[in-house]
Structure formats: C-alpha cells, structure tokens
Amino acid sequence: MSESLEELLPCPFCGAGETHIVENGKRWLGMEWSEPISVSVRHWCTESPGPTKPNRMIERIGRDRQRAIEQWNMRCGVIK
C-alpha cells in the first residue's frame, strides 16, 4: 500500500479493501524515470455477498497525485 493512504477517504461501498496509488506512463530516460503521464487511485472492495458492492476495480485518475486523491475523495450528497 502507499504511504499516502491516510489522505484517502475509505471506499464508499465497502469502507475497507485494498487501495493503491499508481503512477501511469513513466518511461526510463537512461538516467532517471520521466514524470508520470497521470496518477490513478485503484481500489478493490473486500469480497462479500450482496448486490451493493462493485465486483471489479474502482479507479479514479488525475493529472498528478494530488488531483487523483481529490477525485477519489469526491463524494456526492445523499439523494432523498
């Protein structure tokens, strides 16, 4: 897991599971890695029976690490 998970809100579906922050599109430049093209927050819910939890990976993507975290943490209001 990533060292910045304390910045992430829990999954709105399962509240747990596995969450990783992944830098996408980095290339080796011979002496160092390039900057990532984007950053993803990827989450897999814990397995349990029932229709309320997704059965595949949930992913939110941002241009950089902070934007990806903001996308993951975005929650909509409760609809009544």
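Author: **The core and its surroundings**

The largest nonpolar core is made of 11 residues: Leu8, Cys11, Cys14, Ile21, Val39, Val41, Cys45, Ile58, Ala68, Ile69 and Trp72. A core here is a set of buried Ala, Val, Leu, Ile, Met, Phe, Trp, Tyr and Cys residues joined through side-chain atoms within 4.5 Å. Buried means under 20% relative accessible area, exposed is over 50%, and partly exposed is in between (1.4 Å probe, protein chains only). Two elements, β2 (38–44) and α1 (65–73), each give two or more residues to this core, and α1 has the largest share with three. Those labels are DSSP runs numbered from the N terminus: helices (H or I) of at least four residues, strands (E) of at least two.

Before going on, some housekeeping: this is a predicted model, where local features need pLDDT of at least 70 and side-chain atom pairs count only at pLDDT 80 or more, while totals for chains, interfaces and linings use all residues. Residues are numbered from 1 along each chain as its sequence is written, and side-chain values use heavy atoms, with hydrogens and water left out.

Now the cysteines. A search of the whole structure turns up zero disulfides, a disulfide being a pair of cysteine sulfur atoms within 2.5 Å. For cysteine 14, the nearest cysteine sulfur belongs to cysteine 45, 3.7 Å away. Cysteine 45 isn't in a disulfide either, and its nearest cysteine sulfur is that of cysteine 11, at 3.6 Å. Cysteine 14 is buried at 18% relative accessible area, and cysteine 45 is buried at 13%.

Cysteine 11 touches Ala16, His43, Cys45, Ile58, Trp72 and Arg75, leaving aside residues up to four places away in sequence; contact means heavy atoms within 4.5 Å.

Glutamate 59 is partly exposed at 27% relative accessibility, as is arginine 42 at 23%.
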